[in-house]
Amino acid sequence: MQQLRTRMRAGTTVTARGDLWSIAGSEHFDAGVFVALEGRGRGNRGQRTTLISPFDTIEPVFPQELAWRRRRSAIRTALLALARSRPPSGLWTAVEGRFDLHAWQLAPALAVLDGTPRVLLADAVGLGKTLQAGLIAAELAARGLARHTLVLAPPALRDTWATELGDRLGLEVAILDPAAITACHRARGGGANPWTSAPVVVSSIDFVKRAEVRAAVEAVPLDLLIVDEAHHLTPGSDRAAVVARFARRAPWLLLASATPHSGDVGAFRALVELGSTGDAAEPPMRVFRRTPAEAGVHRRRRSTVLAVTPTAAELALVEGLLGYARAICHGPLGARPGVRLVAGVLVRRASSSAWAAECTLLRRLAALAGEPPGGETAQPALPWEEPDQGDIPEDAWIGVPGLPPGSGESERLRELAALARAARARPSKLLRLRRLLARLGEPAVVFTEFRDTLEACRAALESDREVACLHGGLGAAERRRALADFLGGRATVLLATDVAGEGLNLQTRARIVVTVEWPWNPQRLEQRIGRVDRLGQTRAVHAVHLTAKGTFEDTVLARMLARSARSRDELARLASLPAGPALEAAVLDGAECLIASPAALAPAADAAALREAHRLVEFRRLTSRAGLAPPEPCWAWPRRRTRPVRLAVLVEVSAARAGRLAWSTVVPLQVHLAYGPHDRRAWKAVCRQVARAADVHRAARAAARSAAGEVPRWRELSARVEAIRRGLAAGSPTPVQPSLFDRRAVRDAEARAAVVALLDDHLRQVATTAADDTGDIDTCVLVVLPLDWDGP
């Protein structure tokens, strides 16, 4: 058994099942060893698997003696050894990753490896936040620090996350939704927790916030929690509450949002405080904010406000709805919950299209009369509807009375519905959109906030061109089909609601974005344009905003957003814009809407990232042809017929901690001989004697220990883990009084206590793995290269 433990050292190169692997870590039990392997051959490079020894034959491949090689081969062996090294504070998985290396994308992972436990990725749209988050997950997993990673993303982006993490970084990913959980229970049994089915699980916030789902997630010891589009975590909402519960138990928290600051300072402060344990030793959340200019990505964007003259019927509808909205806001029932929300939605729909306004008016009439909504007036709920308002469904507010009984509210709504039907006869925005797309003659993405307007746009456009549609009422397969039609060239126009405004990569197909109406949340505007203005776009991006002349769109929204667009910093501009309630007050109440000073988001220093990117580029070049196969230990004959007395010795030094590889490096040493060997046999004997010399291995260990000062000490992480453990202990289940006839309370208490014990034991293992000690150090001489009298 001791021999088996020795052979399973982390970092050892082995053969198993006919392939070449490197041991990433091992866990010993009575009957054998669980061995985590990483592919190192040509056919399995980047793959990860776990085998059980001795049931699987796992054999080391390094020979015991050095072999003779030509000088060029020996130098190549030395270079490959450098490429295989795992520096303490460097990136391990990026060498094998299938993505282009950019320094700004490496900085967050380096910060996490330096001990930062909480990170907010606030880079501009299109700078690769998904890849940066995946790189952090891959690095922590490679070090044995993240066994369970949970990614919470909008439903439309789950496939994107799974593809990016799986294809680019080689992570094992599972997408969990109700159907996947049912299939998991069927395959693994009802007692298995589906949230442990893969090292990385991708799901949606709206799914995990359900009580029964949340309980299953909380029974899993989460190591890393990633939340995409984190600006949806509105303070006081169910989404923010469930993320806060998970974040307080996870050692690492990563939030991603291109628009984290909407102008609401309180909401931004609540966002950066997510997951904080309240411990004085815990550092604040690290914020990474890079604009395209700071990242060295030169973008060209042109925004055009296209004024559209509305018809008399459209003007009458907008003015009538605005008057009704102001009347209910300022009337005697204006303070009731939901009244102001109704007013804002009606005005927004009026600025979008007469179809959207009519559908909502008819729906409100039916709700006020106590009739169930139905037919074509029903509004399908999007995955997120803004404002969040604690995730209140539409049916909860659509029927809230706005005027006192007897004031003729229903008659007024019928008049407005008649105005909407009249305005539908000649929709000025849709006709202008049709002429614009015909004149442009190239693919375009058209965004609208409401599905009714999208259907109206499709009816107006599909007679001239092929149109693909994306909205919240589509299933995952239908969304994929619509995207494939547009990206594959079968459709020239993509009509989308804001469900497609986040996370999609359309830069290879289009460069034109048209917005049918101005969104009241500036974040949505940036998200819409960011679908084509992102990394990989080679042409100038054009954003066209249709604006109804003479309406509140023209007098309030367009002027305010156009003035703010002169700012050079996109994220600072978004941070300076008023939030949705401020815009709502400007439209409904006539309040002044000012541009505020942006909140400070600390930029990241990328000097270390630049050095790391240069190192990785060189190592990728070295391994592009030979792969990451282990170099064979060797010695070389002198370059000239001389008798040198100096030898260059390269020693690979690796350290293991808690059964996992902590780091590995290559230490160069220079050995001076008393005399120079005179022939090849003597050189062979000397080189092998040097390779076995205890002084050489001792010097290599000493040099490695000196370099171990760069090993991350994880002090901030250790403080956070201890704070989480104290929180678990404080919230342990209280004892219950056993009953003679009903033991359900006792069983529930025992189950809760078992979960707490499991979480505490896992956190203790994380703290042990991230301890300060360097662990066991192993050495192996790789190259012995004679140096000539005049230098190498």
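**Ground rules.** I number residues from 1 along each chain as its sequence is written, and I keep to heavy atoms for side-chain values, leaving out hydrogens and water. Because the model is predicted, local features need pLDDT of at least 70 and side-chain atom pairs count only at pLDDT 80 or more, while totals for chains, interfaces and linings use all residues. My helices (H or I, at least four residues) and strands (E, at least two) are DSSP runs, numbered from the N terminus.

**Entry 1, the open sheet.** I looked up the strand order and found 7 strands in an open sheet, E9-E10-E8-E11-E12-E7-E13, with parallel pairing. I count two strands as paired if DSSP finds at least two bridges between them. Strand E9 (173-175) and strand E13 (286-288) stand at the edges with a single partner strand each, so one side of each lacks a neighbour in the sheet. On average, neighbouring strands are turned by 15° against each other, direction ignored. I then checked E11 (residues 224-228) against E12 (residues 252-256): they pair in the parallel sense over 5 bridges, and Ile226 has Leu254 of E12 as its bridge partner.

My angles run from 0 to 180 degrees between N-to-C directions, with axes as lines fitted to C-alpha atoms, for helices over the stretch in contact. Helix H3 (residues 103-113) lies across E7 (118-121), E12 and E13, at about 165° to E13. Helix H9 (residues 238-247) lies across E8 (149-152), E11 and E12, at about 160° to E11.

E15 (residues 444-447) runs parallel to E18 and is joined to E18 by 3 bridges, with Val446 partnered by Val514. E18 also pairs in the parallel sense with E19 (residues 541-548) over 4 bridges, where Ile512 stands opposite His542.

H11 (residues 312-330) and H13 (residues 354-368) pack at about 40°, axes 12 Å apart. The contact (heavy atoms within 4.5 Å) is made by Leu317, Leu321 and Tyr324 of H11 with Ala354, Ala357, Leu361 and Arg364 of H13.
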